[in-house]
Amino acid sequence: MEISSLSSSDTRGKDDLVDAVNTDDRISTLSKDLLLKILSSLSTKEVVRTSVLSKRWGDVWKETSEIFMDMRYITISRYLSIDFSPYAAGWLTKVINDHSGNFERFTIYHFAHQCVDGMVEAWIRSLIHVKHVKHLTLINCFGPFVPNSILTLDLPPKSFSHPNLKSLHLGRYTLKDPHGFDNCWNLKKLKLIAVFAEIEVFNVVLMSCPSLEVLVVDLHCHKQSGPLKIENRNLKFLCLSCCSQIDGIEVATPSLEILTVKSLSCEIEKFVIANPNLQFNRNYWATGQLYPHTSYYISCPPDQDKTSIGHEVMMSEPSEYMKFYASMSVSIDLTNTKEVDMLKEVLAAWPDEMQELEILFKNSNVPRKEGETPMGRTKRKFWEETKPFPNGHFRVHTVWLFNFSGSKEEFALASRLITQGTVVMTMKIQPASISLSNKLEIEAAVTKLKELPKGHTELSIVMF
């Protein structure tokens, strides 16, 4: 065989090989935006590993906007008794420093022993003031070496003060002082879960964040030293939990729509809330047993397309805010389509049985002439839908109907809760304060409700 023919054949073979490689690496020909979208579905470890695939991939990961780092899985080698924790923390620091852009969201789960010599404080400073992160989550987890360790944060003033930072979630830390939250006008959402501090520190932290719309707090106070004070004109959603005994809670939030209480070591007389909307007969203490309780003033103007911030938070994490065997109070205008839909969404998403449900009908739920459709009242008759309200699975032991006027909407809602088996044990009805003639109409409506076929034969219906 001639050399020339061998050379020609060899060249064709190499060309075919190159074409095959290029064909298999089609993903590298994609646009950078599409590559970033692909990387967003991977873990941080996998994202960084893509840099070895090719030169095209080398620096793409450095422009990803969201990083989720769980250092709990980078600890001890399965085959060698070597703790890689210090290397994991150092590697994460390198990931932050090598990233070439700003972060939209950054989440870190770590053990206390992995972070020494101000490591967490350094991450906070770099992520907020250099990388301009918008949503930051830092969780100190139970570790394999010191299971009950709580990491103390020693933060310089204004650590969390930056116009780009909108939401902050801290878990299982001790706050020495409130200075890290100085001048935090930027924060819209704050979650402090299993955070230890003096009550005075918490009060100053909350005062330093006047723009908050969402606040979730699970507090652990070292000692009783005055009430917890929450004063905020912008707050829409508030979730409270405190395992430590505290002297009281004072809430002054005129815009608050949703208040969720998981657990409180506080007497009802020492819980003071100044809010014109959240006026409910039932509450966290009312059942005699301390079930988690949610009070919800449903509000959505007919001309408003977007649902409320509080509702969005509630629906975004139903397993977090909708607990088994809890109680709930809602205030609603049944003639408003959007408010009815919002109530239906919440009840349909409830994970399991509810202990008590209080429904307080707003004053707009008064009887009206046939065909009347004032501004803000729905033309759609929700009770004419064939599907159960809110669905076929939701169950509640006791339902309270307050301010009951006997309107078509109120009667329809009550009758559906009775006939489809939604209410298991008791429905209690309190009439609205109206004239004697209307009182007779209300009594007639309640009588009709009692005559309906019941989904649960043991259900009792009473008016008080």
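Which handedness does the crossing of α7 and α9 have, left-handed or right-handed? The crossing of α7 and α9 is left-handed. Left-handed means that the near helix is turned anticlockwise from the far one by less than a right angle; clockwise would be right-handed.

## Basis of the model

This is a predicted model: local features need pLDDT of at least 70, side-chain atom pairs count only at pLDDT 80 or more, and totals for chains, interfaces and linings use all residues. Residues are numbered from 1 along each chain as its sequence is written, and side-chain values use heavy atoms, with hydrogens and water left out.

## The chain overall

The chain holds eleven helices and 19 strands. Helices (H or I, at least four residues) and strands (E, at least two) are DSSP runs, numbered from the N terminus.

Of the 464 residues in the chain, 47% are buried. Buried means under 20% relative accessible area, exposed over 50%, and partly exposed in between (1.4 Å probe, protein chains only). Take the contacts in the chain with a separation of 6 or more: residues 24 or more positions apart account for 63% of them. A contact is heavy atoms within 4.5 Å.

## Helices α7 and α9

Two packed helices are described by the angle between their axes and the distance between the axes. Helix α7 spans residues 309-316 and helix α9 spans residues 337-349. They pack at an angle of about 20 degrees, with their axes 10 Å apart. That makes α7 roughly parallel to α9. The classes are under 35 degrees for roughly parallel, over 145 for roughly antiparallel, 65 to 115 for roughly perpendicular, and oblique for the rest. Axes are lines fitted to C-alpha atoms, for helices over the stretch in contact, and angles run from 0 to 180 degrees between N-to-C directions.

On the α7 side, H311, M314 and M315 make the contacts. They meet M342, E345, V346 and A349 in α9.

Strands of a sheet pair through backbone hydrogen bonds, either parallel or antiparallel. Here, an open sheet of three strands runs in the order β9-β11-β13, with parallel pairing. Strands β9 (228-231) and β13 (271-274) stand at the edges with a single partner strand each, so one side of each is left without a neighbour in the sheet. The twist averages 5 degrees from one strand to the next.

Strand β11 (residues 249-252) is joined to β13 by four bridges. Two strands pair if DSSP finds at least two bridges between them. A252 stands opposite A274 in β13.

Strand β14 (residues 293-297) is mostly covered, with five of its five residues buried. H293, S295 and Y297 lie on one side, T294 and Y296 on the other.

Strand β12 (residues 258-265) runs antiparallel to β14, joined by four bridges. I258 stands opposite Y296. Strand β15 (residues 327-332) runs parallel to β14, with five bridges. T294 stands opposite M328 in β15.

## Helix α6

In helix α6 (residues 199-207), the buried residues are I199, V201, F202, N203, V205 and L206. Their cover includes β6 (173-175), β7 (189-197), β8 (214-221) and β9.

## Cysteines

How many disulfides are there? The count comes to zero. A disulfide is a pair of cysteine sulfur atoms within 2.5 Å. The sulfur of C266 is 8.6 Å from the closest cysteine sulfur, in C242, which is too far for a bond. C266 is buried, with a relative accessible area of 6%. C141 also counts as buried, at 7% relative accessibility.
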